[in-house]
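Thanks for coming. I have one model to go through today, and I will keep to what can be read from the atoms. Please have the sequence and the structure open.

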Amino acid sequence: MHSWRALQTARNSSFRILTRAHSHIATSTTAAFCVIGDEILNGKVHDQNTFVLANRCFELGIDLRKIEVVPDTPQAIVDSLRQLSSNHSIVITSGGIGPTHDDITYDAVAQAAGVKLQYHEPTLQRMRRIMVKRDIKTLPNPQGTDEEKACARMALLPCPAQIFYPCDQLWVPVVNRLVLSILSQQAVRIDRIRSDDENPGLRDYEVSLLRLLEKATNGTRIVISPTGTSVMLRPGMITGGRIDMDCPTSRGIGYYLEALVALAPFGKEQMTATLRGITSNNTDLSVDLIRTATLVNYRNFGLEEGVELRITKRGSAPKGGGEVRFICPVVRTVKPLNFVDPGRIRRIRGIAYATRVSPQSANRMVESARGELNRFIPDIYIYTDVYKGAEAGFSPGFGLSLVAETTNGALMTSELCAEAGEAPEDIGSNAARLLLSEISRGGCFDSTHQWLALLLMVLGPEHVSKTRIGKLTPFSIQYLRDLRAFFNTTFKIKPDAQTSTVLLTCLGTGYTNVGKKTT
């Protein structure tokens, strides 16, 4: 039974266990892969994990240096992990984890790290909740029957270890369903919100989003269950106007701006929203990318005139302190889209920001990024944006956002913010590699903005809209399902094997902003 685990050495030589959750991108730059299994060495099983992992590491800007295949013997695994962890920042294993007789990976990890195996009670509780929900009779119990003990071995982990669950990524995000509900004027009820989580229900940032939607509309009724695991929204009219809000620091300002980007053009009057909080993090779109890419993509649908995003203060994680002002005029209808030829990359622009740190941090990011990108294109200009004093927020930080523009106006983007202990050079080179990975996907909209293209195509006039994008992300696949549910619109999807892209075609719904005054 194969599963993924990344093992990162700490100063005390213990290992840190990470999932593949996208929000937990490792900050180190070198990695090694330890493939465990006799069946790989004797040819009974064809290893497909190596190819997937190598591509994933490239996408995340992680330098995969070495791959080792070892048999199902404890000492071989221990020796491999010790040797690989001494020369690499991250060690990833595949295979050898499961409730079976050869479940030896965790034992070997603990021995290599010099720590003990212990049952992780939160994991046991989580397993029980999920298995009961799936009507599985044999539940994990370290003191139970042989079958129950075998099942419990899945929660026998090296300790100390930090465990990450990808729970938040496994259910439909609240923001998308609520925004589509308001646009389609269809009530929506979302149930079982993190109902299996140790901390069930809506998070503080989602409650803040609900408050924001109330401010942006008139007549919207929102009901939240006492446990917070269910929310019902009856949409009102999008009004726009002036909005002022302090965003919690658990998410970036970009989380809230994405909702406003979808709603603002269809309000009764021009929206002027002032939001305060974290301007850049590694979870949400930064205000820089929203300004230089998201809002620029409006132009493909005739929405660019008068749209503006001003960054008056920057605020890095964890304390924030940034402030932005979003201005968006209203339109009655959007234009249909016919954008299938992305063209060739003609220039790259970027913003290297720094708050409450040395200005040299921004310059070092620029030089490192240019070192990666100059091999491919000469037209590169990355601005340095250094903030000090009251305009620099409450926390030190630095980061880099990059935008590659093609001859036909397609935009490919990437960005990274520094975590504790990261060097500016690593941020610059990794952000550049992420951009190259995004460019290699092809298409007229990058993976970050697939949702925007899909939404505005559906809201277009009753004409055929067509575009080309790279491989559909899991988020976009779910978004297509939601668009069908709320607008009864389906897309014709045609893969293009020659370019590894996808052609998407749909008939617009003829959406009209009835709130906009006509002249």
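**Loops, helix pairs and salt bridges**

Ser500 is found in the loop between β23 (492-496) and β24 (501-507). The helix and strand names I use are DSSP runs, numbered from the N terminus: helices are H or I with at least four residues, strands are E with at least two.

Before going on, the conditions. This is a predicted model, in which local features need pLDDT of at least 70 and side-chain atom pairs count only at pLDDT 80 or more, while totals for chains, interfaces and linings use all residues. Residues are numbered from 1 along each chain as its sequence is written, and side-chain values use heavy atoms, with hydrogens and water left out.

Phi of Ser500 is near 55 degrees, a positive value in a residue other than glycine. Most residues other than glycine have a negative phi, and most peptide bonds are trans. Is Ser500 buried or exposed? Ser500 counts as exposed, because its relative accessibility is 55%. The cut-offs here are under 20% relative accessible area for buried, over 50% for exposed, and partly exposed in between, with a 1.4 Å probe and protein chains only.

Arg192 also has a positive phi, about 55 degrees, and is not a glycine. Arg192 sits in the loop between β8 (188-190) and α8 (204-216). With a relative accessible area of 53%, Arg192 is exposed.

There is a cis peptide bond to point out as well. It runs from Ala317 to Pro318, with omega near 10 degrees. Pro318 is in the loop between β15 (308-313) and β16 (322-328).

One more loop residue is Ile62, between α2 (49-59) and β4 (63-70). Ile62 has a relative accessible area of 11% and is therefore buried.

Now the helix pairs. Helix α11 (residues 360-373) packs with helix α12 (residues 424-441) at an angle of about 40 degrees, their axes 7 Å apart. Axes are lines fitted to C-alpha atoms, for helices over the stretch in contact, and angles run from 0 to 180 degrees between N-to-C directions. That angle makes α11 oblique to α12. The scheme is: under 35 degrees roughly parallel, over 145 roughly antiparallel, 65 to 115 roughly perpendicular, and the rest oblique.

Which residues of α11 and α12 make the contact? From α11 they include Arg364, Met365 and Glu372, and from α12 they include Ile427, Gly428 and Leu435. Contact means heavy atoms within 4.5 Å. By class, this contact has 8 nonpolar, 4 polar and 4 charged residues. Here Ala, Val, Leu, Ile, Met, Phe, Trp, Tyr, Cys and Pro count as nonpolar, Asp, Glu, Lys and Arg as charged, and the others, Gly among them, as polar.

The second pair is α8 with helix α9 (residues 253-263), at an angle of about 30 degrees and with axes 10 Å apart. These two helices are therefore roughly parallel to each other. Among the residues in contact are Leu209, Leu212 and Leu213 of α8, and Tyr255, Tyr256 and Leu260 of α9. The class count for α8 with α9 is 10 nonpolar, 1 polar and 1 charged.

Last, the charges. How many salt bridges does the structure hold? There are 22, a salt bridge being a side-chain nitrogen of Lys or Arg within 4 Å of a carboxyl oxygen of Asp or Glu.

Asp246 pairs with Arg276, the closest N and O atoms being 2.6 Å apart. Asp246 counts as exposed at 54% relative accessibility, whereas Arg276, at 24%, is partly exposed.

Glu372, which we met in the α11 contact, forms a salt bridge with Arg375 at 3.2 Å, N to O. Glu372 is buried at 15% relative accessibility, and Arg375 is exposed, with a relative accessible area of 61%.

In α12, Arg441 and Glu438 lie 3 residues apart, about one turn of the helix. Their side chains meet in a salt bridge of 3.6 Å, N to O. Glu438 counts as buried, at 9% relative accessibility. Elsewhere, salt bridges with shared partners join Asp244, Asp246, Arg276 and Glu323 into one network.
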